[in-house]
Amino acid sequence: MPELPEVETVRRGLAPAMEGARIERLELNRPDLRFPLPEDFAEAVKGRRIVSLGRRAKYLLIDLEDDLTIIAHLGMSGSFRVEDTLLGEFHHPRSKDGKHDHVIFHLQGSKGPLRVIYNDPRRFGFMHLWKRSDLDLYPAFAQLGPEPTGNALDEIYLAARFAGRAQPLKSALLDQTVIAGLGNIYVCEALWRAHLSPKRAAGTLVTPTGRPKKPLLLLTTSIREVIADAIAAGGSSLRDHIQTDGSLGYFQHSFSVYDQEGKPCRTPGCAGMVSRITQAGRSTFYCPVCQR
Ligand SMILES: [Zn+2]
């Protein structure tokens, strides 16, 4: 399942092809993905220019003229590919099967016609059409916390959310109302970088007067850095994800704890081994020696 860095990688890969282009035609090869496609989808977007490509948590936002946004989620196996006579064809090798090409954007770009194709063998992805000025009212966005990439995420904010909570740090960080788009892999990595145990109660990082303790400052920095590093590496291609330009991300090779059970901890001077435990039904990887 793509995590935030992968979706950001897709956004960055698609932006040069899609931004500024006009939608000549939207080809829909089935009425639904995980959910029904928007009513009158093709009619609603026909002729409109794509103003910009954005992202909120793990959702791709295709902003169109006239205050419209296509909200797209890649689900488990969704991918986009660009077919451009000038740039050549870039795609995900496993997405070659045309029978999984469900939504095709026929675009007129500044350099000529191109197609952007959404392929999704398992069809857990979905698309919605929404009024851009009302994006905050989109149900999945209404409760979302701040992005882990933006300035809104700081230790003061996290202290307010963690104060008095006995919930383990792992679960507290996976809560999308606390931080948007932070998934299992990057929570494990950030906790390791901050030397904090995933089992530790979130409230222990906050003083009795609600101020962030020093480890919370380190955790906040670790979250921002681990996401920034993953985006810089082009997202992690854990199973079958690939960049829209056809190249594989490689960040998975630098995971320090995720999926590293039994390997020596990489913290300098630490003699611990990476352990795997289950928390709230999900695997947690951590070093019991240096993460306290
Ligand atoms: Zn360690």
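Buried means under 20% relative accessible area, exposed means over 50%, and partly exposed is in between, all with a 1.4 Å probe and protein chains only. Keep that one handy, as it comes back throughout this report.

This is a predicted model, in which local features need pLDDT of at least 70 and side-chain atom pairs count only at pLDDT 80 or more, while totals for chains, interfaces and linings use all residues. Residues are numbered from 1 along each chain as its sequence is written, and side-chain values use heavy atoms, with hydrogens and water left out.

**The overall picture**

The protein has 7 helices and 11 strands. Both are DSSP runs numbered from the N terminus: helices are H or I with at least four residues, and strands are E with at least two. Of its 292 residues, 51% count as buried. The protein exposes about 13400 Å², and carbon and sulfur atoms supply 51% of that; such areas come from the Shrake-Rupley method with a 1.4 Å probe, and for residues only the protein chains shown count as cover. A contact here means heavy atoms within 4.5 Å. Among contacts with a separation of 6 or more, 66% come from residues 24 or more positions apart.

**A sheet of four strands**

Now for the open sheet, whose 4 strands come in the order β2-β3-β4-β9 with antiparallel pairing. Two strands count as paired if DSSP finds at least two bridges between them. β2 (50-56) and β9 (126-131) stand at the edges with a single partner strand each, so one side of each has no neighbour in the sheet. Neighbouring strands are turned by 20° against each other on average, direction ignored. Helix α1 (residues 4-18) packs on this sheet and touches β2 and β3; its direction makes about 175° with that of β2. For these angles, axes are lines fitted to C-alpha atoms (for helices, over the stretch in contact), and values run from 0 to 180 degrees between N-to-C directions.

**Zooming in on β4**

On one side, 6 bridges join β4 (residues 68-73) to β3 (residues 59-64), and the two run antiparallel. L60 stands opposite A72, and D63 has T69 as its bridge partner. The hairpin of β3 and β4 has 3 residues between the strands, and D66 takes a positive phi near 65° there. Another 6 bridges join β4 to β9, again antiparallel, with I71 opposite H128.

Not counting residues up to four places away in sequence, T69 touches residues including L61, I62, H128, W130 and L135.

**Polar contacts of side chains**

A polar contact is a pair of N or O atoms within 3.5 Å; within protein, one must be able to donate a hydrogen and the other to accept it, and residues adjacent in sequence count only if both atoms are side-chain atoms. Here are some between side chains:

| Side chain | Partner side chain | Distance |
|---|---|---|
| T69 | D63 | 2.6 Å |
| D101 | R81 | 2.9 Å |
| E147 | R55 | 2.7 Å |
| E147 | R56 | 2.9 Å |

D101 lies in strand β7 (residues 101-109) and is buried, with a relative accessible area of 9%. D101 and R30 are 71 residues apart in sequence and 9.4 Å apart in space, C-alpha to C-alpha.

E147 sits in the loop between α3 (139-142) and α4, and is buried at 13% relative accessible area. Leaving aside neighbours within four places in sequence, E147 has contacts that include L4, A57, L153 and A180.

**Nonpolar cores**

A nonpolar core is a set of buried Ala, Val, Leu, Ile, Met, Phe, Trp, Tyr and Cys residues joined through side-chain atoms within 4.5 Å. Which residues touch the most other members of the largest core? Of its 39 residues, they are F162, L173, L219 and I223. Helices α4 (155-162), α5 (169-174), α6 (184-193) and α7 (214-232) each supply at least two residues of this core. Beyond its neighbours within four places in sequence, I223 is in contact with residues including P148, L158, I179 and A190. Apart from this core lies another of 31 residues, among them A17, L74, F105 and Y118.
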